[in-house]
Amino acid sequence: MSEKRLEGKVAWVTGSSRGIGRVIADHLADLGAKVAVHGTSFTSTRAFNEAESLDAVAQAIAAAHGSVVLPVWGDLTDAATVKQTADQIRQKFGQIDILVNCAGGDIGSQGTMGENAGKPLSNDAVFIALEDVRTVLDRNIMTCILCCREVAPEMITRKAGWIVNIGSIGGLSGHAEEAIYSSAKAAVHEYTRCLAAQLRPDNVRANVVAPGPIITPRFEASRSINEARKLTDGTLDRYGWPIEIARAVEFLVTQDSSYVTGQVLRVDGGIQLWPA
């Protein structure tokens with residue numbers, strides 16, 4: 001049982017039906033927060049057999065931590081859906097204190113059930129299909145912008161709030177493959193810096209967690225895995241685990257980071273050791 005550092009707080013974690021987002025939501029609930037878990041659809045949890053439904057995810061988190069958990073779903077690339085979803089959370093909990101934008105991923109127009117768990121087939125800077133370009137950009141940067149635009153005003157009014165956008169170390173260097181995903185995450189990083197600059201006078205913090213390679217069911221389904229790197233200790237030359245991202249989010253949504261905003265925090269075991 002963890003210290004209830006977030007008791008009384010309400011957290012909305014987008015893209016939390018599975019993978020890293022689900023573990024972040026679970027961890028914030030363990031810290032005492034009331035949590036809204038989100039997926040694109042009610043059954044997006046089934047893509048990699050992580051749960052039967054969003055209800056099942058919410059019930060499991062609530063049972064594990066004695067927290068109140070609300071399942072919400074919808075396409076966050078649509079501004080009207082973002083507003084409707086946020087209003088649903090407010091109707092249940094009153095307000096949103098913490099926003100974690102985890103929705104996204106290197107998923108093209110074929111969706112998660114496509115080849116290589118949805119990675120665009122020509123996944124480069126030139127030959128990638130235009131439909132895939134738009135899908136990857138929408139999934140990553142547009143969902144982030146729309147959710148921040150919806151939630152930031154209430155935080156400004158209260159003079160309090162925490163926004164954590166999930167970026168990627170892919171957005172901090174050049175790549176021959178995954179070029180559009182890397183570009184989208186670089187945009188998330190820069191948008192967050194701009195947001196942080198705007199929100200500084202209002203005591204609202206906005207930061208990025210940039211994961212390295214993190215083991216999730218989709219990660220394993222979308223690429224070749226080196227089983228020797230699936231370690232949890234003894235070396236940093238290994239894959240990371242979702243809880244290690246969740247702990248970084250904890251740092252950024254508690255008083256531990258009271259004087260931190262506009263930063264990109266790599267959580268990659270030291271894969272990238274140059275300045276952001």
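**Packing and pairs**

Tutor: To start, F219 is buried, and Y239 is buried as well; buried means under 20% relative accessible area, exposed over 50% and partly exposed in between, with a 1.4 Å probe and protein chains only. Mind that this is a predicted model, where local features need pLDDT of at least 70, side-chain atom pairs count only at pLDDT 80 or more, and totals for chains, interfaces and linings use all residues. Residues are numbered from 1 along each chain as its sequence is written, and side-chain values use heavy atoms, with hydrogens and water left out.

Student: How many aromatic pairs does the structure hold?

Tutor: Rings of Phe, Tyr and Trp (its six-membered ring) pair if their centres lie within 6.5 Å; planes under 30 degrees apart count as stacked, over 60 as edge-to-face and the rest as tilted. On that basis, the number of aromatic pairs here is 2.

Student: And which kind of aromatic pair do F219 and Y239 form?

Tutor: The centres of F219 and Y239 are 5.7 Å apart, with 75° between the planes. F219 sits in helix α6 (residues 217-221) and Y239 in the loop between α6 and α7 (242-252), so the pair ties together parts 20 residues apart in sequence. Helices here are DSSP runs (H or I, at least four residues) and strands likewise (E, at least two), numbered from the N terminus. The F219 and Y239 pair is edge-to-face.

Student: How are α1 and α7 oriented to each other?

Tutor: Helix α1 (residues 19-30) and α7 pack at about 50°, their axes 8 Å apart; axes are lines fitted to C-alpha atoms, for helices over the stretch in contact, and angles run from 0 to 180 degrees between N-to-C directions. Angles under 35 degrees count as roughly parallel, over 145 as roughly antiparallel, 65 to 115 as roughly perpendicular and the rest as oblique. Therefore α1 and α7 are oblique.

Student: At what angle do α3 and α4 cross?

Tutor: The axes of helix α3 (residues 79-93) and helix α4 (residues 130-158) come within 9 Å. α3 and α4 are therefore oblique to each other too. They cross at roughly 40°.

Student: Is N101 buried or exposed?

Tutor: N101 is in strand β4 (residues 98-101). Leaving aside residues up to four places away in sequence, N101 touches T14, T143, C144, C147, C148, V164, N165 and I166, where contact means heavy atoms within 4.5 Å. Because its relative accessibility is 4%, N101 counts as buried.
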